[in-house]
Amino acid sequence: MAYAVRPLDASTWTAFAELVERNNGIFGGCWCLGFHPERGQRGSVRREIKEERVRSDRAHAALVLDDDGLVQGWCQYGSPEELPGIKHRREYDKDAPPLPDWRITCCYVDPKHRGQGIARAALGGALDQIARAGGGLVEAISEVTTGRESPARFLFSGTVELFEQFGFARGRQVGKHAWLVSRTVDLV
């Protein structure tokens, strides 16, 4: 299946919101705010916060749409100011790398559409959007899956193996299976 990739913005908000609502707010109501400064907010206000961030260009993601125009997944990215929350913060800070220009913090695929290349399309779309926005150093904290079973709900940041297919290199291990990966994206 061929997918279309579009940026998350005011024109795609409704399609994004439909996917989130179809999936119970994602991870029980996250609304993909888990890495934003407002991550501590709870309840229905999360939808409102995310919408306000999107409409004011303070939330970024590559959305993957199927042939019917439904969003089936995304890859969230942003500056460290936009996405200050990261997993494995304590280990990350022990030997903090230079601050990146961009972070990729979340890749989500509708459970009924996993294994169909949506995460790959979303990551590629995010990197394309980053290149058009100026490029620079991009980092992510991701998990190695080779040789082990890992529930999809723990792979919200994508796999190290997927990132490596896009030219990311492992920097250092920050968790039992988690690695800091990075690469430089050129301006297009």
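## Exercises on charged side chains

Glutamate 51 is partly exposed, at 22% relative accessibility (buried means under 20% relative accessible area, exposed over 50%, and partly exposed in between, with a 1.4 Å probe and protein chains only). This is a predicted model, in which local features need pLDDT of at least 70 and side-chain atom pairs count only at pLDDT 80 or more, while totals for chains, interfaces and linings use all residues. Residues are numbered from 1 along each chain as its sequence is written, and side-chain values use heavy atoms, leaving out hydrogens and water.

**Exercise 1.** Find which network glutamate 51 belongs to.

*Solution.* Let's start with the rule: a salt bridge is a side-chain nitrogen of Lys or Arg within 4 Å of a carboxyl oxygen of Asp or Glu.

- Step 1: glutamate 51 meets arginine 55 in a salt bridge, 2.8 Å from N to O.
- Step 2: both residues lie in helix α2, 4 residues apart, about one turn of the helix (helices are DSSP runs of H or I with at least four residues, strands are runs of E with at least two, and numbering starts at the N terminus).
- Step 3: salt bridges with shared partners join Glu21, Arg47, Glu51 and Arg55 into one network.

**Exercise 2.** Work out where the partners arginine 22 and aspartate 110 lie.

*Solution.* Now try a pair from distant parts of the chain.

- Step 1: the closest N and O atoms of this salt bridge are 3.1 Å apart.
- Step 2: arginine 22 sits in helix α1 and aspartate 110 in the loop between β4 (102-109) and α4 (118-132), 88 residues apart.
- Step 3: arginine 22 is partly exposed at 32%, whereas aspartate 110 is buried at 3%.
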